[in-house]
Amino acid sequence: MIVRILGEGQLEVADSAIGELNELDTKLEAAVERGDEDGFHQALAALLGRVRELGTPAEPGTLAPSSLILPQADATMADVRGLLADDGLIPG
């Protein structure tokens, strides 16, 4: 799957990583719901860090649509609230 981190670009991540990424997304969503600023920043850094570890940069010029779009590392809780769907940033 193609994952876009806003402001950074696209990474190709194996579909098999969706479960692990969903767990990290759940922690991020919970921190947003609690209004836990420290927990939010830790959870966002963990999610983005893991995507970067698992992913490989998409080929330059790749025009494939992104399966997932994640906020940039310096996103605020308000930014992320605007991106959250009923099932978090990562559906499924």
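**Entry 1: G9 and its surroundings**

I began with G9 and looked up what this residue touches: leaving aside residues up to four places away in sequence, G9 is in contact with V3 and R4. I note here that the model is a predicted one. I then placed G9 in the chain and found that this residue belongs to strand 2.

**Entry 2: strand 1 and strand 2**

How many bridges join strand 1 to strand 2? I found four, and the two strands run antiparallel. I looked up individual partners next. R4 stands opposite Q10 of strand 2, and V3 has L11 as its bridge partner in that strand.

**Entry 3**

I followed L11 onward and found P57 as its bridge partner in strand 3. Strand 2 and strand 3 are joined by two bridges and run antiparallel. On strand 1 I looked up the pairing with strand 4: three bridges join the two, and they run parallel. I5 stands opposite L70 of strand 4.

In what order do the four strands lie in the sheet? I read the order as 3-2-1-4, in an open sheet with mixed pairing. Strand 3 (56-57) and strand 4 (68-70) are the edge strands, each pairing on one side only.

I next looked up what packs on this sheet. Helix 2 does so, touching strand 1, strand 2 (9-12), strand 3 and strand 4. The direction of helix 2 makes about 135° with that of strand 1.

**Entry 4: helix 1 and helix 2**

I reminded myself that two packed helices are described by the angle and the distance between their axes. For helix 1 (residues 18-34) and helix 2 (residues 37-54), I found that the axes come within 8 Å and cross at roughly 160°. Angles over 145 degrees count as roughly antiparallel, so helix 1 is roughly antiparallel to helix 2. I recorded the crossing of the two as left-handed.

Which residues make this contact? From helix 1, I listed E20, L21, L24, D25, K27, L28, A31 and V32. From helix 2, I listed G39, F40, A43, L44, A46, L47, R50, V51 and L54. Sorted by class, the contact of helix 1 with helix 2 has twelve nonpolar, one polar and four charged residues.

**Entry 5: the chain as a whole**

The protein chain has three helices and four strands. Read from the N terminus, its elements follow the order β-β-α-α-β-β-α.

I also looked up the extent of the chain. Along the principal axes, the C-alpha atoms fill a box of roughly 40 × 25 × 20 Å. The radius of gyration of the protein chain is 13 Å; a compact globule of 92 residues would have one near 12 Å, so the value agrees with that of such a globule.

Notes. Residues are numbered from 1 along each chain as its sequence is written. This is a predicted model: local features need pLDDT of at least 70, side-chain atom pairs count only at pLDDT 80 or more; totals for chains, interfaces and linings use all residues. Side-chain values use heavy atoms; hydrogens and water are left out. Axes are lines fitted to C-alpha atoms, for helices over the stretch in contact, and angles run from 0 to 180 degrees between N-to-C directions. Angles under 35 degrees count as roughly parallel, over 145 as roughly antiparallel, 65 to 115 as roughly perpendicular and the rest as oblique. A crossing is left-handed if the near helix is turned anticlockwise from the far one by less than a right angle, and right-handed if clockwise. Contact means heavy atoms within 4.5 Å. Ala, Val, Leu, Ile, Met, Phe, Trp, Tyr, Cys and Pro count as nonpolar, Asp, Glu, Lys and Arg as charged, and the others, Gly among them, as polar. Two strands pair if DSSP finds at least two bridges between them. The radius of gyration is taken over C-alpha atoms; the globule rule is 2.2 Å times the number of residues to the power 0.38.
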